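Here is a friendly note on some aromatic rings and their neighbours. Please have the viewer open as you read.

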Amino acid sequence: MAIDPSAILQGRAPGRASIGVILGIVFASVCLLVILTFDAVTGGASFVVGLLLAVLPVAVWLPLVLALDRLEPEPPNALIFAFLWGAGVAALFASILNTLGLSLLTETELTGEQEGWYVVATFGAPVVEELLKGAVLFSMLWWRRQELNGPTDGVIYAAMVGLGFAATENIQYFIDAVEVDQLGYVFVLRAIVSPLLHPLCTAMTGIGVAVAALAGPGRIRRTAPLYGLLGAMALHSLWNGSTKFGLIGLAGAYLVGFAVLIGVIVVLARDRRRIVQLIGHYLPLYGPVGIVTPDDLRMLSTLPGRRAARRWARSVGGKRSERAMTDYQQAATELALLHQRAGAQRDLDPHGLEQQRQYLVWLMQQARATFVARQPRPPASPWGTTGFGPPGRP
């Protein structure tokens, strides 16, 4: 029987990608193409400069964001969709709505153009942009809740959306800066001083959505996403509004943002400990089945241990064994999270959960068989004496 590890790990039918995700990627890509075409036509030669400079912060921060996702990696197509949603859909419609808001204020003579920009940036843009960026997170809560296994997942998807949005937005800012000969100042402000503004704001929505995804039916599930969204809007509004008060206002907003960043880091650290505890709590149940040993539990509990295991697997059986080890590690983590999700949420389909549990156990068995297939017995693993040999053998 053919095995499709990626399908099992993503909880989908073998050999078939999600049609919804594919259509979403196509739609978001079209929106991004519309924005880039408009910027290229209106910006001329400055567009190339703006595009290149906008890519730089993404090249720095994207690997760091993905590094947070090593313990329980998210599906690549879902991450791509989140990034493109921010860069395409959210950026396009935010630009349209913000421009309409400015036109409404200035054409009705409620404010001058400069005052209108400040009002839109402080009170309008944060609401519009955080709603549009958060929309993809709310859609995941509704249709792909199984992908949200904790605050880390919420932060990862939110950061991808935010990085995409910031990249597209920065192109226009840099084009405008070239025209008024302030490119250096704007680049420092956008790419060095505040490169994480959008990811950090949207991360608050992501945490709220993830809390709701883990909660059972009740008040927390209903209110956590709303509180996260309101927090994202408030932080965004504070940052935009601080520009009117010079360096003092900017410093105050920066301190608040830094405090929020520290809070997010604490949440991520606690969530990683939670996942490790779940592995230690649930996976010993599968010791009698022969797919987990005490040494394996220690290996699964640390990122260095997992890296060492993949290196060992490659030395034993090449790339095929290394891929099997990666599948084993991810399946083990998903199995522990599945148990936690089944115990916390009473409204889930028990038949579907049991089927997914069986698939994950099967995948771990198949992955383990890859390591014991070589004769004579593979060399001892670096994390213990029991390693990946047949159960019961020293």
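1. By about how much of helix α4 (residues 76-107) are F81 and W85 separated? They are separated by about one helical turn, because they lie 4 residues apart in that helix. Helices here are DSSP runs of H or I, at least four residues long, numbered from the N terminus.

2. A word on the model: it is predicted, local features need pLDDT of at least 70, side-chain atom pairs count only at pLDDT 80 or more, and totals for chains, interfaces and linings use all residues. Residues are numbered from 1 along each chain as its sequence is written, and side-chain values use heavy atoms, leaving out hydrogens and water.

3. You can look for 3 aromatic pairs in the structure. F81 and W85 form an edge-to-face pair, because their ring centres are 6.0 Å apart and their planes meet at 75 degrees. Rings of Phe, Tyr and Trp (its six-membered ring) pair if their centres lie within 6.5 Å; planes under 30 degrees apart are stacked, over 60 edge-to-face, and the rest tilted. Both F81 and W85 are buried (under 20% relative accessible area; exposed is over 50%, partly exposed in between, with a 1.4 Å probe and protein chains only).

4. Next, find W239 and Y254, a tilted pair with centres 6.3 Å apart and 50 degrees between the planes. This pair links distant parts of the chain, 15 residues apart: W239 is in helix α9 (residues 219-241) and Y254 in helix α10 (residues 246-282). W239 counts as buried because its relative accessibility is 11%, whereas Y254, at 40%, counts as partly exposed.

5. Finally, K133 lies over the face of F165, 5.4 Å from the ring centre. A charge sits over a ring if NZ of Lys or CZ of Arg is within 6 Å of the ring centre and within 35 degrees of the ring normal.

Note on methods: Helices (H or I, at least four residues) and strands (E, at least two) are DSSP runs, numbered from the N terminus.
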